[in-house]
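Work through the exercises below with the coordinates open, and try each task before reading its solution.

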2 protein chains.
Amino acid sequence: MATSEEFRIAGKDMIDYVIDYINTCGERPPLAKVTPGYLQDLIPLEAPEKPESWDDIKKDIERVIMPGVTHWNSPHFHAFFPAGSSYPSILGDILMDATTNIGFSWIAGPACTELEMIVLNWLVRMMKLPHVFLNEKGSPGGGSMQGSSSESTLYSLLAAKMRMIRRLKELNSDLDQFDVLPKFIAYISDQTLFCVEKACMIASVRRRILPTDENFILRGNVLRAAIEKDKDDGMIPLFVCATLGTTHSLAFDPLEELGPICLEHDVWLHVDAAYAGTAFICPEYRHFLNGVEYVTSLNISPHKLMRVHIDLSILWVKSRADIEKAFFVDPAIMRHEHQEDTIDYRHWQIPVGRKFRSLKLWFVLRMFGQENLQRHVRNQAQLAKEFRDLMASDPRFTIIAEVVLGLVCFRLKGSDEQNKELLDCVNKSGDIFITGTQLKEQYVLRFVVCAASTESKHIRFAWKAIEGAAGKLLQKEH
Amino acid sequence: MATSEEFRIAGKDMIDYVIDYINTCGERPPLAKVTPGYLQDLIPLEAPEKPESWDDIKKDIERVIMPGVTHWNSPHFHAFFPAGSSYPSILGDILMDATTNIGFSWIAGPACTELEMIVLNWLVRMMKLPHVFLNEKGSPGGGSMQGSSSESTLYSLLAAKMRMIRRLKELNSDLDQFDVLPKFIAYISDQTLFCVEKACMIASVRRRILPTDENFILRGNVLRAAIEKDKDDGMIPLFVCATLGTTHSLAFDPLEELGPICLEHDVWLHVDAAYAGTAFICPEYRHFLNGVEYVTSLNISPHKLMRVHIDLSILWVKSRADIEKAFFVDPAIMRHEHQEDTIDYRHWQIPVGRKFRSLKLWFVLRMFGQENLQRHVRNQAQLAKEFRDLMASDPRFTIIAEVVLGLVCFRLKGSDEQNKELLDCVNKSGDIFITGTQLKEQYVLRFVVCAASTESKHIRFAWKAIEGAAGKLLQKEH
């Protein structure tokens, strides 16, 4: 039962298995071919009373688990967004588990807290972000690792809400939050990810959905008009969520336009760059950040495009105090003598516990080096453009939005129903896996370059799968 | 740069390192002996441009990281609560990383969703929980893995809030949530973990802190009086958080007393059993769950006492629909043909992404078997009683609360200041690490059996460290 020597064998077995799996992943169907309930027949109803051997458990990985895995690492997986992964990231996670160092306060894990601070500073410099985001003495702002961009956005919204309540209480100490809460407005666009709507529900903040332009971009004049109207109506504009690289079509909201309006009206400007943020390590993508100096908080998720495993999303804020005060509680059990001199990251999050997540990012940055991570970003974009070019030569299809990174949005010329049918045919073939989305009035299909192992041949294979399915579909209809 | 063959070497190196680390962890000082900022001098200011070799990175684990690690795995670590860990759990996490299977919907990871459902059913049966918590067709309730008990509690509170808003809207479709939100009341006790206060702040729900009795227990008459008074005042009792095993002193609120009151007043009863919950796998602890049939939601955190690494906390609910509807959004990009027949776990959480966390629990349950996990619980309790008995024979100390599991609360007879000084002396010695807490009017010290490697000799060592420090302190004062 799990002695060191058994683990020495099992751990090394597992390393070999992982390598085999990753190298042959492309030979498995990207989308699992099982139906709901498949697993119950393969597993007993009760946990074993006695320990089982590693050999028995190992066999079950292929027998029980793998048939039901959707292979996000497969070069034929082109759905959603990439799920970051790499060998160095696995190494970091093993060390994280080994230390089991829970870093909710500095004293509970000094290395856990400080490596996070430093590695995030590395990214600030790599992306040429404002220096206010550095985790440094004297800097009012800073960065933290979060589990997801959904959490980062929620924390920003909560911080904005609590900041506004504090401010209003300074003017009127008798004020009850419930007197003003109904007046708070969060502005999102019709392209903002649904998790921001969720955040508004959780925080009980009204949200106003603003229309985007023909390029799916939130324009300054639309935001300004909405804020001014709400102010005229006695409401309190609280929070704007802009997106750099929307989920649906990878549109980039113009920070240079939105920023000054938020500044003028003292509204918290949060920027969600979950997927596309990693691209800012390449100078040619950096212009999308123009106007970032106006931003109150910024989120990018290295667990998408930076070869780091989920869950590693970053939240940078201009004012640490706004996050830390948002839901500050300081029980005696957690106090320590250094708390004025450093960061206690538990104030930046909902959970108490905190993992040593920075290890995996540190390993990735060091074992790849900046140059190989830049190469990865460029390669993903290049492959997406290759797909776009193949499709552009076929008059049956329309490319919907500009291809900037790894996403190509397209439609078969025809009805939404035809496009849904095409999606279904493609995915049922088992060759590749793509998804569709509602892009304003249109249903469009999304082709995403996901796995780091994707090569030109996989792009051509995917194109053949899609255009072949389209051919069959159109033939059937005639 | 991170090829398969480099990873084969590095991964196996890391396995050996982990075994060495775990086996020698007790020889390191449990509490890191560094001061804030220690790490900056050891790491460059910028990420490397070019890749670095595994050999260079490996050296930095001891040079850079380990001096700043607080060793939660050390048998001399007696602070907070245990951070679960084990070899099988590491194996599960490696496989989780390898598959990188993001299970936000069933289709995105059928095995990820279904193994979670099944392994949680194993626990329902191991703990003899109500069958309504089974993840089964026809069962209205179910279970899910969450990152922390803080999240589980927050989700329960949010579900209770949204359920009440829905109900009130059924009576009056014009109702605005802001008309009723100020009337909602969440009841917690003066012993409830601070994360529940945080949850109330986040959800904008008023909380009422109820006094506990001399055993730090929330009694039914206190709850009933508070609910009735609030109802008389036109408020809406919404949510009660009971605790089985409080953080401060491991008190168990009586579900049989609180449950019928919540039922009578139709208030959501959430139970937080984060640490102590694992003990319910042993029949002799099961009586603390008497009354569990009244519970609306229940949380235990296997990442404390069940040998599983953070982050793995479980939330069971009597009504899946209440959680799923709490912040339901269903974008086209995530729809799939099977969504009526199974669980899409993204509706149970704030993040979109979802890790394959069930693997580590599955590995742990199988490689230990139920009997060894029960043995672990009993062993931790036995060691705590050994410490209590040593202390009980020394008239300078008082044991504060009954020792039920791995926690012993005690005081040096004297002032709060003397106890804080004792804590300081003990921790500065570097031999062991303990913490203190505010238990109502008193400051008390907490001794916790944490690491799975803790043995009788470590208990005697800890006792000597504490009583030696007390001796010096009292001598100095005379």
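Two exercises on a predicted model follow.

**Exercise 1.** Describe the interface of chain B and chain A by its extent, its polar pairs and its composition.

*Solution.* Begin with the contacting residues: 145 residues of chain B are in contact with 145 residues of chain A. Next take the area, which comes to about 13,200 Å² buried between the two chains, with 70% of it on carbon and sulfur atoms. Of the area that chain B buries against chain A, B:Phe7, B:Ile333 and B:Arg366 supply 6%, more than any other three residues. Then turn to the polar pairs, where the count is 58 residue pairs in polar contact, both residues being at pLDDT 80 or more. On the side of chain B that touches chain A, helix H1 (residues 4-24) gives the most, with 15 residues, and by class that side has 81 nonpolar, 35 polar and 29 charged residues.

**Exercise 2.** Which salt bridge do the side chains of A:Lys428 and B:Glu337 illustrate, and how do H2(A) and H12(B) cross?

*Solution.* The rule finds 16 salt bridges across the interface of chain B and chain A. A:Lys428 and B:Glu337 form a salt bridge at 3.9 Å, N to O, which lies within the 4 Å cut-off.

For the helices, the axes of helix H2 (residues 54-65) of chain A and helix H12 (residues 358-392) of chain B come within 11 Å and cross at roughly 145°, and the crossing is right-handed. Residues making the contact include A:Trp54 and A:Ile61 of H2(A), together with B:Trp362 and B:Arg366 of H12(B). By class, this contact has nine nonpolar, no polar and three charged residues.

Definitions and conventions: Residues are numbered from 1 along each chain as its sequence is written. Chains are lettered from A and ligands numbered from 1 in the order in which they are written. Side-chain values use heavy atoms; hydrogens and water are left out. Contact means heavy atoms within 4.5 Å. Buried area is the accessible area (1.4 Å probe) that two parts lose on being put together, summed over both. A polar contact is a pair of N or O atoms within 3.5 Å; within protein, one must be able to donate a hydrogen and the other to accept it, and residues adjacent in sequence count only if both atoms are side-chain atoms. Helices (H or I, at least four residues) and strands (E, at least two) are DSSP runs, numbered from the N terminus. Ala, Val, Leu, Ile, Met, Phe, Trp, Tyr, Cys and Pro count as nonpolar, Asp, Glu, Lys and Arg as charged, and the others, Gly among them, as polar. Axes are lines fitted to C-alpha atoms, for helices over the stretch in contact, and angles run from 0 to 180 degrees between N-to-C directions. A crossing is left-handed if the near helix is turned anticlockwise from the far one by less than a right angle, and right-handed if clockwise.
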